[in-house]
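Subject: Structure handover, aromatic contacts

Hello,

The structure is below, for you to open alongside this message. My notes on its aromatic rings follow.

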Amino acid sequence: LAAEQRSLGQFVEAEALYREALADMTKTRGEDHIYVATLMNNLARVLKSLEKYEEAETLLLRALQTRRKQLDPTHPAIAMNLSDLGWVTEGAGKLDVAERYYRDALALYAPDHTWRSSAVFNLGSVLEKRGDLAGAERQFREALAAQRKQYGEAHEFVGIDLRQLGIVLTRQGRIDEALVSLRESLRIFEARFNAEDPRIAEVLVA
């Protein structure tokens with residue numbers, strides 16, 4: 001239920017449900033159980049959306065400690081945990097820390113793992129914020145190619161990749177290329193979301 005509330009953007013409700021689930025799971029399974037780590041990770045994602053960065057980072061570090069204790073060192077859940085730490089610390093403005101987490105995650109993921117493309121994209125976001133537009137473009141193009149293959153041409157993730165690629169191309173003065181990406185992103189979003197969705201507005205602004 002918490003996951004459904006999060007997917008609907010109802011983050012306050014999702015936070016309360018995840019806290020309840022985490023308390024119950026900790027009581028029945030113990031603090032070091034892998035399921036507890038999963039709930040900590042999921043709660044941290046909600047807290048990031050509520051801009052509660054410090055608590056989110058603390059939970060993710062605790063989840064990472066448990067996963068490293070219970071799982072193989074190369075398990076994809078550890079890489080995902082590191083990527084989420086990058087996402088949270090990037091949101092808090094700690095770009096150096098975020099970049100390190102993303103690169104650590106990418107070093108662990110298998111080249112064809114489904115979750116890897118998100119870390120590729122997120123590293124591009126850090127590079128974009130730093131002004132490394134060429135580096136950001138490379139990351140966004142890699143994420144775009146992977147997510148087209150994984151999810152299909154019309155998926156929301158593909159639309160997001162195209163939007164950010166278009167923004168980076170615009171900042172490089174490559175307007176014609178940017179318009180191709182942005183218009184394709186707009187087509188995807190208009191087909192998936194209602195006209196008032198903020199994701200459509202973001203593309204229109206770009």
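A charge sits over a ring if NZ of Lys or CZ of Arg is within 6 Å of the ring centre and within 35 degrees of the ring normal. Please keep in mind that this is a predicted model.

Arg-199 meets that definition: Arg-199 lies over the face of Phe-193, 3.8 Å from the ring centre. A second case is Arg-100, whose charged end sits over the ring of Tyr-101 at 5.6 Å from the ring's centre.

Phe-193 also takes part in an aromatic pair. Its ring and that of Phe-189 have centres 5.5 Å apart and planes at 55°, so the pair is tilted. Phe-189 is buried, with 0% relative accessibility. Phe-193 counts as buried too, because its relative accessibility of 15% falls under the 20% cut-off.

In the whole structure, the search finds 3 aromatic pairs. One of them joins Phe-121 to Phe-140, with 4.9 Å from centre to centre and 40° between the planes, which makes the pair tilted. This pair links distant parts of the chain: Phe-121 belongs to helix H7 (residues 116–130) and Phe-140 to helix H8 (residues 133–151), and the two are 19 residues apart.

Regards

Methods. Residues are numbered from 1 along each chain as its sequence is written. This is a predicted model: local features need pLDDT of at least 70, side-chain atom pairs count only at pLDDT 80 or more; totals for chains, interfaces and linings use all residues. Side-chain values use heavy atoms; hydrogens and water are left out. Rings of Phe, Tyr and Trp (its six-membered ring) pair if their centres lie within 6.5 Å; planes under 30 degrees apart count as stacked, over 60 as edge-to-face and the rest as tilted. Helices (H or I, at least four residues) and strands (E, at least two) are DSSP runs, numbered from the N terminus. Buried means under 20% relative accessible area, exposed over 50%, partly exposed in between (1.4 Å probe, protein chains only).
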